[in-house]
Amino acid sequence: MSDRARDIVHNNVKVKLARGEVVASMTVRLARSIEIARLAKTAGFDSIYVDVEHSSLSLDTTGQICIAALEAGIAPFVRVPSTRPEQVSRALDGGALGVIAPHVHSAAAARAIVAAATYPPLGERSAGGPLPHLHYRPLPPAEANAAMNEATMVIVQFEAAEAIDRAEEIAAVEGVDMVLMGTNDLLADMGLTGQYEHERVRDAYARTIAACRRHGKHVGVGGLSTRPKLVAEFVKMGARYVSTGTDLAFLLAESTARAKQVHEISVK
């Protein structure tokens, strides 16, 4: 095995996106053990993201799951509970290959995330020693930092109409890799809660995809796990990352179907 940092750390999502392929992601909100990473890999997912914004998952548990995902060969991301620098850097130091930053409404906010998530010269992330991504090898800092900057993704979420209006300036921020649409919160902000088929949703995706395409950035679909046809429509428009739903939703859906199957067995 190579001892070069760039040969050790690998982000399969970045590779697939660069080839124009569609990435399937599962959200971890319920599971609290490392098995979920291997299950996601076996199921065929390209990535998981641990949702610390909407769960009580600890930083320790989050790191364990991320490290397991690294070993399984799928990219682990963390949706941080806030965009404070310490939330971003600790998630990344614990094993994440990227952060999903909620409620980004401006270029200034996006630049702050990039600064917290990347090492100099691009950002201001502090070096804390050997990382799990690099198998804890004590590599030369300049080499390790450059490799981590290349492998780490900065994903900002659009969850308000204000973000859509500023899509151009946010997409232009150096270091932002992807915009993930938070469709549910976006609809709520627009006063259209639950109206997934509303034309303003299509317009929001179209404007965001166009802005990201102009600046060489990617777009992700979020919050539409119950609307596969709409997801397919946005993928055809240019989105390439699909958040398919949560482990909680998957377990509940399959459990409900199995219970229903038994209850419908005729005893006559």
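In this predicted model, Tyr-241 counts as buried, because its relative accessibility of 0% falls under the 20% limit. Phe-77 is likewise assigned to the buried class, since its relative accessible area is 0%.

A second aromatic pair is formed by Tyr-205 and Phe-234; it is stacked, with 3.8 Å from centre to centre and 5° between the planes. Tyr-205 is located in helix H11 (residues 199–214) and Phe-234 in helix H12 (residues 228–237), so this pair ties together parts of the chain that are 29 residues apart in sequence. Both partners, Tyr-205 and Phe-234, are buried. In total, the model contains three aromatic pairs.

Strand S8 also takes part in the largest pocket, to whose lining it gives the largest share, four residues. The space in this pocket amounts to about 450 Å³. Its lining consists of 25 residues, and those nearest the centre are Arg-29, Arg-79, Asn-184, Gly-223 and Thr-246. Two or more lining residues are given by each of strand S6 (178–182), helix H10 (183–189), strand S8 (241–246) and helix H13 (247–263). By class, 14 of the lining residues are polar, seven are nonpolar and four are charged.

Thr-246, one of the residues nearest the centre of the largest pocket, is also in contact with Thr-27. Thr-27 is part of strand S1 (residues 23–28) and is buried, because its relative accessible area is 1%, which is under 20%. The side chain of Thr-27 makes a polar contact with the side chain of Tyr-49, at 3.5 Å. Beyond its neighbours within four places in sequence, Thr-27 is in contact with Tyr-49, Asp-51, Ser-243, Gly-245, Thr-246 and Asp-247.

Ile-164, in helix H8 (residues 161–165), is also buried, as its relative accessible area is 3%. When neighbours within four places in sequence are set aside, the contacts of Ile-164 are Phe-158, Met-181, Leu-186, Ala-204, Arg-207 and Thr-208. Ile-164 and Pro-81 are separated by 83 residues in sequence and by 21 Å in space, from C-alpha to C-alpha.

Terms used: Residues are numbered from 1 along each chain as its sequence is written. This is a predicted model: local features need pLDDT of at least 70, side-chain atom pairs count only at pLDDT 80 or more; totals for chains, interfaces and linings use all residues. Side-chain values use heavy atoms; hydrogens and water are left out. Buried means under 20% relative accessible area, exposed over 50%, partly exposed in between (1.4 Å probe, protein chains only). A polar contact is a pair of N or O atoms within 3.5 Å; within protein, one must be able to donate a hydrogen and the other to accept it, and residues adjacent in sequence count only if both atoms are side-chain atoms. Contact means heavy atoms within 4.5 Å. On a 1 Å grid over the protein atoms alone, a cavity is a set of points where a 1.4 Å probe fits but cannot get out, and a pocket is an open set with protein on both sides within 12 Å along at least five of seven lines; lining residues have an atom within 4 Å of a point. Grid points are joined across faces, edges and corners, and a volume is the space filled by probe spheres set on the points. Ala, Val, Leu, Ile, Met, Phe, Trp, Tyr, Cys and Pro count as nonpolar, Asp, Glu, Lys and Arg as charged, and the others, Gly among them, as polar. Rings of Phe, Tyr and Trp (its six-membered ring) pair if their centres lie within 6.5 Å; planes under 30 degrees apart count as stacked, over 60 as edge-to-face and the rest as tilted.
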